[in-house]
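Take the model one region at a time.

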Amino acid sequence: MVADVKGILYLSEIAEMAQGSFHAGSLDNDVEIKAITTDSRVKADSSVFIALVGEKFDGHDYVGKAFENGAVCAVVDHIPQNADGTYIVVEDTKKALGIIAKAYKNKLSPLTVAVTGSVGKTTTKEFIYAVLSEKYSVLKTEGNFNNDIGLPMTLLGLSPENDAAVLEMGMSHFGEIEYLSKIAAPNIAVITMIGRSHIENLGSREGIRDAKLEIRKGLQHDGVLILNGDEPLLEDINGAIYVAENNKFADYVIDNVIEGENGCAFDLSYNGERVESLTIPAVGRHNVMNAAFAFAVGVTAGMGEFEIRRGLMNFRNTGLRQNIYDLNGKTIIADCYNASPESMKASVKVLTDVARRKNARTVAVLGDMKELGNYSAEAHIEVGRVVADSKVDMLFTFGMLASDIAGAASECGVKNIFIFEENEYKEIAAAIKENTLDGDVILFKASRAMALEKVIELLK
């Protein structure tokens, strides 16, 4: 990873930020730094290379290569042999990366919004980005840069022109959100939902809730916490602002939701006011909650109704998340980035809604949901029953765990079922081609590790 540092930053500042000892070699410590990098292979002139240590690599082995590619200094936990140069020596290079990123962010001091949640955090981040962009110059988390390396590198990409940042925070274990939150020090924090993702590591939904609530650990003293008011596990959090559809006592209440072929419309009541016919270019009722979170963030950030309304209309989804498009006479719903029981069920509903409006057959291509631990079989069976209840016309499952989806759907009356093992990409693509018809609506949904988008590529 490489972060192009757009604010003025000198090597002496980095040494101070990292709280390390400076070994100057022949270099002046007033050199202006243009980039921070963790990848020795990338050419980055006037950069600082941070030698991270992972399970399968040690960045200290590549310091010499980093110097060859333009690094003027390396942040290390020891000075490697046979690699003359300038060093900042710290106890832990990964923690040093976080410390440097925090100090750099504090130097520029943008309005900072942090988003986490079991489901919907990326889409909510994109809605918030779209809204805030109507008033601010916004930096946002890109791709999967939502962890202990990606988030600091995102912050190091801030420029003086950025007066706002929207940061996504992912986690799979206790302590990870706390660490990220203390680096980001958000002004506003959002928790979208408590689902069952990573329950294998966290033990229960209560454990997942506690891990998500770690986002408060770095929240600024006058910061605002925005929560899902329809989630009983998030009730009665002191000082929180609640967004809900089914809880009429929430601070922001959604109603009159209308789902259309190209998006949704809804009304929102807050602070004694009612805003009517907010529209978003995203299908699926679940996206209304994501948009309402963004509305609440906009109000908290001092924006007016029409700015927020315009921002919501400018929303664009990213990557492999619920992209809907035509392919060879069929409608594809590609949602291959990740999967949990909650998001899987929401996607099946989108499938049936889109197909109903088109008067078309429904085809679900569903792969394994990972990291569910002892809940895995139960969760996959639950999805299979939803497939049956939704009267999906044809089901393809992909992977060993997803075979439980097929089994439950079959028991509940689904007839057209095709089961494939993991890595049988060519086989499942051939079966989809052979058994589907022009006009069908086909959903592709699985955990990221299944790489289900490969099947779509084969269909192309």
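Begin at helix H8, residues 205-212, where Gly207, Ile208, Arg209, Ala211 and Lys212 are buried. Buried means under 20% relative accessible area, exposed means over 50%, and partly exposed lies in between, with a 1.4 Å probe and protein chains only. Helices (H or I, at least four residues) and strands (E, at least two) are DSSP runs, numbered from the N terminus. What do the buried residues of H8 pack against? Their partners are strand S7 (111-116), helix H6 (176-184), strand S10 (188-191) and helix H7 (199-202). Contact here means heavy atoms within 4.5 Å.

A word on the source: this is a predicted model, in which local features need pLDDT of at least 70 and side-chain atom pairs count only at pLDDT 80 or more, while totals for chains, interfaces and linings use all residues. Residues are numbered from 1 along each chain as its sequence is written, and side-chain values use heavy atoms, with hydrogens and water left out.

Now the rings. A pair of aromatic rings is described by the distance of the centres and the angle of the planes. Rings of Phe, Tyr and Trp (its six-membered ring) pair if their centres lie within 6.5 Å; planes under 30 degrees apart count as stacked, over 60 as edge-to-face and the rest as tilted. The structure holds six aromatic pairs. One of them, Tyr252 with Tyr270, is stacked, at 5.1 Å centre to centre and 10 degrees between the planes. Tyr252 lies in strand S13 (residues 252-259) and Tyr270 in strand S14 (residues 264-270), so the pair ties together parts 18 residues apart in sequence. Tyr252 has 4% relative accessibility and therefore counts as buried. Tyr270, at 8%, also counts as buried.

Turn to Phe398 and Tyr425. Their ring centres are 5.1 Å apart and their planes stand at 50 degrees, so this pair is tilted. The pair links distant parts of the chain, with Phe398 in strand S19 (residues 394-398) and Tyr425 in helix H14 (residues 425-435), 27 residues apart. Both Phe398 and Tyr425 are buried. Elsewhere, ring pairs join Tyr252, Tyr270 and Phe295 into a cluster.

A charge also meets a ring. Lys140 lies over the face of Tyr129, 4.5 Å from the ring centre. The criterion is that NZ of Lys or CZ of Arg is within 6 Å of the ring centre and within 35 degrees of the ring normal.

Two packed helices are described by the angle between their axes and the distance between the axes. Axes are lines fitted to C-alpha atoms, for helices over the stretch in contact, and angles run from 0 to 180 degrees between N-to-C directions. Helix H4 (residues 121-132) and helix H9 (residues 286-300) have axes that come within 8 Å and cross at roughly 40 degrees. That makes H4 oblique to H9. Angles under 35 degrees count as roughly parallel, over 145 as roughly antiparallel, 65 to 115 as roughly perpendicular and the rest as oblique. H4 passes H9 in a right-handed crossing. A crossing is left-handed if the near helix is turned anticlockwise from the far one by less than a right angle, and right-handed if clockwise. On the H4 side, the contact residues include Thr123, Phe127 and Ile128. On the H9 side, they include Asn287, Ala291 and Phe293.

H4 also packs with helix H10 (residues 305-313), at an angle of about 130 degrees and with the axes 7 Å apart. H4 and H10 are therefore oblique to each other. Their crossing is right-handed. Phe127, Ala130 and Val131 of H4 meet Ile308, Gly311 and Leu312 of H10.

Some single residues complete the tour. Leu443 lies in strand S21 (residues 441-445). Leu443 counts as buried, at 0% relative accessibility. Leaving aside residues up to four places away in sequence, Leu443 touches Ile333, Ser347, Val348, Leu351, Val363, Ala364, Val365 and Leu366.

Last, look at backbone phi. Most residues other than glycine have a negative phi, and most peptide bonds are trans. Ser109 is not a glycine, yet its phi is positive, about 55 degrees. Ser109 is found in the loop between helix H3 (93-108) and S7. With a relative accessible area of 55%, Ser109 is exposed. Asn328 has a positive phi as well, near 50 degrees. Asn328 sits in the loop between strand S16 (323-327) and strand S17 (330-335). Asn328 is exposed, with a relative accessible area of 52%.
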